Amino acid sequence: MKEKFYLTTAIAYTSRKPHIGNSYEIVLTDAIARFKRLIGNDVFFLTGTDEHGQKIEEIAKEMGITPKAYVDQIAGEIRKIWDLMDCSYDKFIRTTDDYHEAVVKKIFKKLYDQGDIYKSEYEGWYCTPCESFWTETQLADGCCPDCGRPVKKTKEEAYFFKMSKYQDRLMQYIEEHPTFIQPESRKREMVNNFLKPGLQDLCVSRTSFSWGIPVDFDPKHVIYVWIDALTNYITALGYDPDGSSELFQKYWPADVHIIGKDILRFHTIYWPIMLMALDIPLPKQVFGHPWLLSGNDKMSKSKGNVMYADDLARHFGVDGVRYYLLKEMPYAQDGTITYENIIARYNSDLANTLGNLVNRTVAMSNKYFDGAVKNTSVSEPVDEELANACLTAVKEYTDLMNQFRVADALEVIMNVARRSNKYIDETAPWTLAKEESNRPRLQTVLYNLLESIRFIGVMISPFLPKTSEKIFEQIKTDITCYDSLNAFGKLKEGTVGTAVPLFARIDEAKKLEELEAEIAKAQAADAPKEKESKDQPEGVMIGIEDFAKVELKAAKVLSCEPVKKSDKLLCLQLDDGTGTPRQVVSGIAAWYRPEDLVGKTIIVVANLKPAKLRGVLSNGMILAADCDDAAKVLFLDDSIPAGAKIR
């Protein structure tokens, strides 16, 4: 019987479209799930969406639609991105699913009936974006310690969960299960910052909004989002206080919850205490992964540094994005993402190291032997070195993946590719091909290279599933199981396929210019809409108060010059009436020369967030009209003074 392995992501909050930092978690979990399947485990992989709460109710109200209509839209976008990123989840749960809501009500009632939940009044600080309560001492400079945004003083009738009742039991559990919270640094943080100072009872219901699961016996209360959200891990399997399903009996307890470090407190304190109260075994491990930063900053739409998985996949391919996410995130430290870094990693690892190895090996097999694969066993010591490198790599890779050290496991695979490329240089197949007497040796060399590529194809399949399939197709093998890596030399004799590049090398300058033009176009499209975000459906009307927030000014062009290494961008210095020149970068170089603009009076969006285009800071945007695939700048009468407001 296969060993079961149940793993989950945190369910994505349906407040907006997930950015690439959010997408990292699903890709990481998918790589672990695929690896566990590869080594023969019976895997159940759960993900989904968290759809209740005050924040969602407020967004829906602003948009003039129901909360359910809004979460239906965002949940659809999230699932579409998860599917785009080739994530092999077994179930996608939504907290608005009827079966989930019904069981959450039963859980709340059970905890109330046994005295773990009681009614009182809450007064304290609440962070709406995080759906979190905080005490005065927990605030950071008067703001939420998790997200840094302002909190609201709240006072309302509420139900509370007796956290303190289970504190000592949880401390004992953590001490007796040293790998329960990983990495180790996260465990120390939870114990020292929350458990040792003493737990306060947790507010588990709200009355100030209605978008949530109502308390059956007190309908003016809705169940606090964290009880609602956290229980998805058991409701998805069919847990029910009145009798659970076979699926639940089979897969629970979870082997690991993969979550972001910012929600570790909920998963390592609130969640295990809830399970203790329900008399359910605790998950074996909670793994708090680090954040993916944009440059040096946390990714945030308000900062204008957000990247989205679907946009990146258009430029670098799904496996290219998956590779960067998995390779560039350290085990316990934050990673970083920039377009420059993506391109550099793509070219060095995927195009040069891996892609070049596969391409030239298959090409040489076709060139020298019409694609025939044969091991003539004309061996030299260097062959054994390559074989040992492959076999050692399998052991290291397996050990690292079982520890969830995904980036390190990928490095092991890339080292096999580097060793294989070195083997080509050591054996020089092109030299062997010159003498007929060396052909048996040449056949062995190419066989060994194809076998090392097979090893790479198997090991890399959890990370880059489509690339793995392409590798197997080119070397024409069906020996792709993990157990086949216990010995070097299992590739069957036959013929290879056609050499097709796995990853085409990217021209960095050209790609960056393409990306920057795309960003500029998106900013231009968003600016007149102001508050109308991309996450909202088309056709949403705005009021005069929204339009009034866009500050339009007349500005005279003082100077203008092309942006270096860009065919599309111009850098303008503007007199906007403030006495200090304003610098604006615009993608209009295809239609205007600098001398066409100097001295002209134009319209500038003066309160647009600053952005960098091609490394040049732009403080605003000039208005232009789209006319037959051309941009035409809107010029004003020269009599209009610089700084005049446009209404």
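**Exercise 1. Which element gives the most to the lining of the largest cavity?**

Before we start: this is a predicted model, where local features need pLDDT of at least 70, side-chain atom pairs count only at pLDDT 80 or more, and totals for chains, interfaces and linings use all residues. Residues are numbered from 1 along each chain as its sequence is written, and side-chain values use heavy atoms, with hydrogens and water left out.

*Step 1.* Look at the space: the largest cavity holds about 90 Å³, a volume being the space filled by probe spheres set on the points, which are joined across faces, edges and corners.

*Step 2.* Pick the element. Helices (H or I, at least four residues) and strands (E, at least two) are DSSP runs, numbered from the N terminus. α1 (20-38), β13 (286-289) and α15 each supply at least two lining residues, and α15 gives the most, with three.

**Exercise 2. Find Thr427 and decide: buried or exposed?**

*Step 1.* Thr427 sits in helix α15 (residues 406-427).

*Step 2.* Learn the scale: buried means under 20% relative accessible area, exposed over 50%, partly exposed in between (1.4 Å probe, protein chains only).

*Step 3.* Thr427 has a relative accessible area of 10%, so it is buried.

*Step 4.* Check who's around. Skipping residues up to four places away in sequence, Thr427 touches Val382, Leu432, Arg441 and Val445 (contact means heavy atoms within 4.5 Å). A polar atom of the Thr427 side chain also lies 2.8 Å from the backbone oxygen of Tyr423.

**Exercise 3. Now do likewise for Gln249: buried or exposed?**

*Step 1.* Go to helix α9 (residues 246-251), where Gln249 is found.

*Step 2.* Gln249 counts as exposed because its relative accessibility is 55%.

*Step 3.* For one more distance, take Tyr239, 10 residues away along the chain: its C-alpha atom and that of Gln249 are separated by 8.5 Å.

**Exercise 4. Which element supplies the largest share of the lining of the second largest cavity?**

*Step 1.* This cavity holds about 40 Å³ of space.

*Step 2.* Its lining is Ser365, Phe369, Ala372, Val373, Lys374, Gln443, Leu446, Tyr447 and Leu450.

*Step 3.* Two or more of these come from each of α13, β17 (372-373) and α17 (439-460). The largest share, four residues, is from α17.

Notes. Polar contact = N/O pair within 3.5 Å; in protein donor to acceptor, adjacent residues only side chain to side chain. 1 Å grid on protein atoms, 1.4 Å probe; cavity = no way out; pocket = protein on both sides within 12 Å on 5 of 7 lines; lining within 4 Å.
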